[in-house]
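The following note concerns how the two parts of the chain meet. Please read the points alongside the structure shown here.

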Amino acid sequence: MNHFPATRDAALARVAALDPEAYARSRNALDGAVSGLSPYLTHGIVSAAEVLAALAARHPLTHQHQFVYELAWRAYFRHVWGARGDAILQSLHAGPMPETAYQRVLPEDIGQGRSGVPVIDQAVRALYATGHLHNHARMWLASYLVHVRHVHWRTGADWMIAHLLDGDLGSNHLSWQWVAGTGSSKPYLFNADNVARYAPAPWHSFGSVIDTSYVALMRLAQGERPPAPAPSHDGVDPPSLLSAPPAGLATAPSAQALPGLAVPP
Ligand SMILES: Cc1cc2nc3c(=O)[nH]c(=O)nc-3n(C[C@H](O)[C@H](O)[C@H](O)COP(=O)(O)OP(=O)(O)OC[C@H]3O[C@@H](n4cnc5c(N)ncnc54)[C@H](O)[C@@H]3O)c2cc1C
């Protein structure tokens, strides 16, 4: 099922459906009233200015509103990317462990969504199935990979962006650095209680490696040897990554309808 039809109408429908007050109350929850606009913003189908103008016409919206604040993160990451260029592909400063202490290969059990930690496996499967993830799920996945499994943030960032419909080097790689603590003042850590607060039951991870205190998680992030993973057997195959448009896309009716777009025979 395509959750994000690549049309401007689909983008405008999401703008029309957005309730800024419900957003501010619930955006941290996986079933919260988030916009799902990121693929459309990344690919320029709507602009942030246009979204804000449409919302401001319906709701009182100050620059301190949570939705404006989140959009500003996107703009901020773009500015940092513009100012620092390819330097954002390297750690901006030291993190909790030396660079060489992190492994540079994605563990197979994570790539196949069978780590045995429900929140991680649910997130990987949702990423593969939809090309999208809620912000909290991205944070959990990144934090687990870097701080519990000691995988370098760059390895995780390169893997995740390849599967995202909203993949944006600024937002993605700088968010990974924010989680890793190489682009922020401290590593982002989370535990099973945090997951239970914001995610539905199948994601709950009591009894797993993340069912522990923040003090214990910080020790792991700083280099304590992590417990051996306990992967399950029922993994999923990662979807193939395309280096060219899928067959048939060029002749799709929506492509033909675009004025000025030359459609090859
Ligand atoms: C590890 C990690 C990787 C990420 N990679 C990307 C990426 O490649 N592309 C991308 O667009 N966003 C990325 N984000 C930011 C954020 O997760 C997504 O923008 C958001 O989940 C998209 O869903 P939404 O449109 O429903 O967001 P909403 O909550 O509805 O937010 C509205 C818009 O604000 C912007 N926004 C919201 N939260 C953030 C944030 N934390 N940082 C930057 N912009 C934000 C997005 O443009 C989003 O569409 C990443 C975050 C993390 C933690």
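1. Two salt bridges link domain 1 and domain 2, a salt bridge being a side-chain nitrogen of Lys or Arg within 4 Å of a carboxyl oxygen of Asp or Glu. Arginine 78 pairs with aspartate 168 in a salt bridge whose closest N and O atoms are 2.4 Å apart.

2. This is a predicted model, in which local features need pLDDT of at least 70 and side-chain atom pairs count only at pLDDT 80 or more, while totals for chains, interfaces and linings use all residues. Residues are numbered from 1 along each chain as its sequence is written, and side-chain values use heavy atoms, with hydrogens and water left out.

3. The chain is divided into domain 1 (8–89) and domain 2 (99–221), with bounds from an automatic or database domain assignment. Their centres, taken over C-alpha atoms, are separated by 22 Å.

4. In contact (heavy atoms within 4.5 Å) are 16 residues of domain 1 and 24 residues of domain 2. On the domain 1 side, nine residues are nonpolar, four polar and three charged; here Ala, Val, Leu, Ile, Met, Phe, Trp, Tyr, Cys and Pro count as nonpolar, Asp, Glu, Lys and Arg as charged, and the others, Gly among them, as polar.

5. About 1,700 Å² is buried between domain 1 and domain 2, with carbon and sulfur atoms giving 62%; buried area is the accessible area (1.4 Å probe) that two parts lose on being put together, summed over both. Leu30, Phe77 and Leu89 supply 39% of the area that domain 1 buries against domain 2, more than any other three residues.
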